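Q: I have this one open now. Can you walk me through it?

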Amino acid sequence: MSSIVEVQGLRKVYDDGFEALKGVDLSIHKGEILALLGPNGAGKTTLISTLCGITTPTGGSASVGGHDIIGGYRAARAMIGLVPQEVALEPFEKVINTVRFSRGLFGKKQDDALVERTLRQLSLWDKRHNQTKELSGGMKRRVLIAKALIHEPQVLFLDEPTAGVDVELRRDMWQVVEELRAQGVTIILTTHYIEEAEAIADRVAVINKGEILLVQDKATLMQQMGRKSLRIELAEPITAVPEALSEYELELSDDGQSVTYHYDTRGQSGTGITRLMQALAQAGLHLRDIHTRQSSLEEIFVGLVREGAA
Amino acid sequence: MNLYAIGAIYIYEMKRFFRTLMESLLSPVISTSLYFVVFGSAIGSRIDQVEGVTYGAFIVPGLIMLSVMTQGISNASFGIYFPKFIGTVYELLSAPVNFLEIVLGYVGAAATKSLMIGVVILLTAGFFVDLDIQHPLAMLAFLVLTCLSFSLFGFIIGIWAQSFQQLQIIPLLVITPLVFLGGSFYSISMLPPIWQTLTLFNPVVYLISGFRWSFFGQADVPVGLSLLAIAGFTGICLALIWLIFRTGYRIKE
């Protein structure tokens, strides 16, 4: 797969000495949706701001569509659309004018048909003559997306697009993201909501303390790192796990009604489930029910970030 | 050159001006009229001619300059400060534009606004006094150059300012005194000799003198010097802005 954004050893040290990016390497494939996950202050916004030209890098290099973000900034930036984290709009300007302004600013000839199509796609057409200050928070966010899309970018950065947005709008936005992907737009999305990444991303990059901890295909990531758990409900409650079962490190629930067994699907020697079942029978425990559960991206993420901190 | 971007910024800024057209034009018209009533009629009627011109007519160039300078500064400084204040500056920084295009858009619009205000004041003045402009082309040139250079200066203030107070402080503490002491309402020759010399360090003197020359054919300082002064001021502002964008001073981290 060809890459559209290449980041090599990108560093950013702020004036106060804070190192927000510690040599980030990242390659983003054309047409994919990449979720950039990380806790607050991990460097997500700094990375995006640097690629978009809002922040000047301290070291390293980056290119968009083969154009260096410094040397070929015009060509690089013309390809990029940015939806910032903070809602920032000129309060007294009409929706349609602020969107037109963005198109002009990015060096494109006005195109009323495109403006109408974009505003309709984002359900803003009815509000086009409203001043932006009259809009609700969710609507303002849509305006920001319209402004980012109006110059037909090939790479779209969405910096926490659904922070503080209600469920309905969030689903709408995922829909828009889907449509954009269908048009071939590459989308980089930072988010706190792991379910968001899980729902729409193709690949996931985890960033913490200015370093990329991992970049992986979402499915592979979940499969590879996914620990599964097996909860076994018992017919009779027990007060302690029998000594004979100690090697399985079972977790006993507070009410003594169930035990949980954690296993790894990657394990070389199998999952150990068969042996556990036999051991349970030998220990004289009767089972009422069993459940298996795959750990979510969120658990993987928390695990990774904690590992990085240790 | 990203012409669409220059146009977009220019039109956007002009729209802001037209949204508040009445306020934008009414206040300079009213304040000019007040100056005429106070200085032109009330006090001016007791003053003989200054350098062969009635006092009412004599103060017209100074009044126009006063408005054009303060308007140029306030329009341009607000124009660029506001996006910084509300955060929309992200879009400018992430757009495929260079500093020259941003400056042309913002300063061009601010200069246009102050030029329009200058013309409106000139027309208003025409109601109060007889104006016979001897060098109309030079008058226009001085007017346009002053609008441009002071809008450039305002742009710098807008980038430097980190609060609305700072936005006001330079016009208030520096520009207004310089303009009032720059011969808007009097001829330098009326001052005691020591003040005449000190006044020559005030750059605004050269602008007003040159501008007044284009009206009445008389100047406190040679016209060539006036042109040099305004060209020099414009050059310094441009250099400062170039430096600002090169270093990202107060707009980029």
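A: One definition before the interface: two residues are in contact if their C-beta atoms, placed from the backbone, lie within 7 Å. Also, this is a predicted model, where local features need pLDDT of at least 70, side-chain atom pairs count only at pLDDT 80 or more, and totals for chains, interfaces and linings use all residues. Residues are numbered from 1 along each chain as its sequence is written, and chains are lettered from A and ligands numbered from 1 in the order in which they are written.

Q: How many residues does the contact take from chain A and from chain B?

A: Chain A gives 27 residues and chain B gives 22 residues.

Q: Which elements give two or more residues to the side of chain A that touches chain B?

A: They are α2 (73-78), β6 (80-83) and α3 (95-105) of chain A. Helices (H or I, at least four residues) and strands (E, at least two) are DSSP runs, numbered from the N terminus. The largest share, five residues, comes from α3(A).

Q: And how do the residues on that side of chain A divide?

A: Into 14 nonpolar, seven polar and six charged. Here Ala, Val, Leu, Ile, Met, Phe, Trp, Tyr, Cys and Pro count as nonpolar, Asp, Glu, Lys and Arg as charged, and the others, Gly among them, as polar.

Q: What are the ipTM and pTM scores of the model?

A: ipTM is 0.88 and pTM is 0.84. Chain B averages a pLDDT of 89, and 100% of its residues score at least 70. pLDDT is the predictor's confidence in each residue, from 0 to 100.

Q: Switching to chain A. How many helices and strands does it have?

A: Chain A has 10 helices and 14 strands. Its radius of gyration is 24 Å, well over the 19 Å that the globule rule gives for 310 residues, so chain A is more spread out than a compact globule. The radius is taken over C-alpha atoms, and the rule is 2.2 Å times the number of residues to the power 0.38. Along the principal axes, the C-alpha trace of chain A spans about 80 × 45 × 40 Å.

Q: Which domains does the assignment give for chain A?

A: Domain 1 (3-223) and domain 2 (227-294). The bounds come from an automatic or database domain assignment. Taken over C-alpha atoms, the centres of domain 1 and domain 2 of chain A are separated by 45 Å.

Q: Sheets next. What is the strand order in the open sheet with β1 of chain A?

A: The order is β2-β1-β4-β5 (chain A), four strands with antiparallel pairing. Two strands pair if DSSP finds at least two bridges between them. At the edges stand β2 (19-29) and β5 (67-68) of chain A, each with a single partner strand, so one side of each has no neighbour in the sheet.

Q: How many bridges link β1(A) and β2(A)?

A: Eight, with β1 (residues 3-13) of chain A running antiparallel to β2(A). A:Glu6 sits opposite A:Ser27 in β2(A). Towards β4 (residues 59-64) of chain A, β1(A) has five bridges, also antiparallel. There, A:Val5 stands opposite A:Val64.

Q: What about β4(A) and β5(A), how many residues lie between them in the hairpin?

A: Two residues, and A:Gly65 in the turn has a positive phi of about 60 degrees. Two bridges join β4(A) and β5(A) in the antiparallel sense. A:Val64 faces A:His67 in β5(A).

Q: And the sheet with β12 of chain A, what is its order?

A: It is an open sheet of four strands, β12-β13-β11-β14 (chain A), with antiparallel pairing. β12 (251-252) and β14 (287-294) of chain A are the edge strands, each pairing on one side only. β12(A) and β13 (residues 258-264) of chain A are joined by two bridges. The bridge partner of A:Glu251 is A:Thr260 in β13(A).

Q: Over to chain B. How many helices and strands there?

A: There are 11 helices and zero strands in chain B. For its 253 residues, a compact globule would have a radius of gyration near 18 Å; chain B has 19 Å, which agrees. Its C-alpha atoms fill a box of roughly 60 × 40 × 35 Å along the principal axes.

Q: Where does UniProt place "domain: ABC transmembrane type-2" in chain B?

A: At residues 19-248 of chain B, from an unreviewed entry. UniProt positions are given in the numbering used here, feature names are shortened, and annotations may be inferred rather than shown by experiment. Residues 19-248 of chain B are 78% helix and 0% strand.
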